[in-house]
Amino acid sequence: MKEKEEIKQTVKQYCLEPDEESYNEVTLIAYGYSKVKNYIYGRYGSIKGLSYLKNHRKKIRDKWVKSGFARAWGLPDRHWKSALDSAVGIIKSQWSNCKNKIKKAVYGNINLEKDERFYIYYILKADSLLNSLLRGKDFKKPKKIKDLEIRETYVHNLIKRYVRKHKGKNPVSRKARSFEIDSSMYGYEMEEGQNVLSIQGLKRGKRIKLKVTDERQFKGNLRIVIKSKERIEIHNCVKAKINKISEEEKTIGIDKGYSCLIATSEGTFYGKKLNSFLSEETERLNEINRKRNKLRSLVKKNLEKGHIRKARRIIKYNLGNRKYWRKKETCRARLESYINNEAGKFIKKEKPSDVVLENLNFINWREKLPKKIKRQLSRWVKGYIQERLEYKFSLNDIRSAVVNPAYTSQICSFCGYFGLRRGDRFYCPHCDRVVHADYNAGKNVLARKDDKEITLYTPYKKVKEILLARCSTVVGSLDMMTGSTRTPDTVISQSESELQKNPSVDLHSLSVDLNRFF
């Protein structure tokens, strides 16, 4: 199989501040584009719309043109057709993600027989069958699944439950600030030594002219992104060549964390300031929002008393959004730059051929966590971190493998025994080790790659059973184990000195927490 030599990446071009007429017209196009997408999401994003997705241009677009419904949008045909294609693509992507999650759940469901799994996989591939099943309609079974021995009512209800759980809500375009154009809707030209992008506007024969800051001329589809009147961006998807970072075979396990961006199984750490970046910005926003809430309360009181002019002055001079969002975007750009730099340093210094990482969602919001921690985690662009790592791995021809994350941060990477994590320290009561928690997790992630008993889809309860069985084996062979050269008294005293920094934690609490595993 031929290896990929190129990958896609997004490049940006920036516009100079446009005139009032051009800016208003671009804004109106973005608003109409968003209206079309939201209508598609609401009308065809549900289960009933599943049957329209396969050939949407014939079933939706042509029907709109024939009935004259398309004229209601007030947009040129190319703009609303582009919005239609974009919205349908997002709905298809949502269904694809939903089906992948269902397949994973089915694989890990120990109550299903082999024929029942095959039946569910087949139904998920056929949208017409899935649509009929979800809507409670009878359907003719194809030959491949007709003679399978299954518990039909149970399996059908299980598919419905899985769809309700994993599909999520219909997509929605909340901010009308971008739209797409194809190559026939724009062109570049030079006017008085200035590179100008001319795009199709709302009026026939009249194009919107946007001056750009450089002389590049993109090809293919473009996305116009309106950040503000002073900042309009042009995004273009291009192909980038893949550069192999290393010819040697080197496999590294990494643990992505909140306190440290990347901790490797080699004992190196990258992105140690991530915690301070997030905490600083989170607390800044918290303080600003607290003050703004007081001002909003003051506005409300003045309106109730009839002091309209005073309320308007407060809104005008103290509750503006331009500076607020500009500062927020600046901090986000600073954080994204830091993440990219640290990920680049990791690849440049370690030069791995293979990277093993966890399949993590980072945080379960149903857990009872302090508000302060939730605020910090909410500012953590976890999706951006995952996206940039995947992109940089592809760009440097690094193979990545995802493993089951269950208990990788709770077992000792030296003896396999259950221990306890406190902050950035991991304590193992069996081999008397105190190590960096992220380093310990990174080693466990690397070891999990070759673990034949624990696959990516092994349920976490089964993982716990396997690990506890191994712990009993380790305890039985205590004399054969090569542990730390330090004595237990030395380790305990060292642990106490480390844990004294947090008065709420002591060795008694460690032992109590450890007992819950046995």
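1. I199 is in contact with V26, F179, I181, M185, Y186, R207, I208 and L210, leaving out residues up to four places away in sequence; contact stands for heavy atoms within 4.5 Å. I199 also stands opposite I208 in β5. The model is a predicted one, in which local features need pLDDT of at least 70, side-chain atom pairs count only at pLDDT 80 or more, and totals for chains, interfaces and linings use all residues. Residues are numbered from 1 along each chain as its sequence is written, and side-chain values use heavy atoms, with hydrogens and water left out.

2. The largest nonpolar core has 61 residues, and those that touch the most other members are I40, W64, I123, I159, F179, L197 and I199. Helix α3 (residues 77-107) gives the largest share of this core, 10 residues. A second, separate core holds 22 residues, among them Y270, L278, L357 and I398. A nonpolar core here is a set of buried Ala, Val, Leu, Ile, Met, Phe, Trp, Tyr and Cys residues joined through side-chain atoms within 4.5 Å. Buried means under 20% relative accessible area, exposed over 50%, and partly exposed in between, with a 1.4 Å probe and protein chains only.

3. For the chain as a whole, 16 helices and 15 strands are found. Helices (H or I, at least four residues) and strands (E, at least two) are DSSP runs, numbered from the N terminus. Of the 518 residues in the protein chain, 40% are buried. Among contacts with a separation of 6 or more, 69% are between residues 24 or more positions apart.

4. Five bridges join strand β4 (residues 194-200) to β5 in the antiparallel sense. Axes are lines fitted to C-alpha atoms, for helices over the stretch in contact, and angles run from 0 to 180 degrees between N-to-C directions.

5. V212 is in the loop between β5 and β6. V212 counts as buried because its relative accessible area is 0%. Leaving out residues up to four places away in sequence, V212 touches Q13, Y14, C15, Q194, N195, L197 and I234. V212 and V196 are 16 residues apart along the chain, and their C-alpha atoms are separated by 5.9 Å.

6. P76 lies in the loop between α2 (56-67) and α3. P76 has 16% relative accessibility and therefore counts as buried. Its contacts, not counting residues up to four places away in sequence, are Q200, G201 and L202. P76 and Q200 are 124 residues apart in sequence, with 8.7 Å between their C-alpha atoms.

7. A further open sheet has three strands in the order β13-β14-β15, with antiparallel pairing. Its edges are β13 (420-422) and β15 (433-436), each with a single partner strand, so one side of each is left without a neighbour in the sheet. Neighbouring strands here are turned by 25 degrees against each other on average, direction ignored. β13 and strand β14 (residues 425-428) run antiparallel and are joined by three bridges, and L420 stands opposite Y427 in β14. Helix α13 (residues 437-448) packs on the sheet, touching β13, β14 and β15, and its direction makes about 90 degrees with that of β15.

8. N440 is in helix α13. N440 counts as buried because its relative accessibility is 0%. Beyond its neighbours within four places in sequence, N440 is in contact with T408, I411, C412, S413, F426 and V435.

Notes
Pairing = 2+ DSSP bridges.
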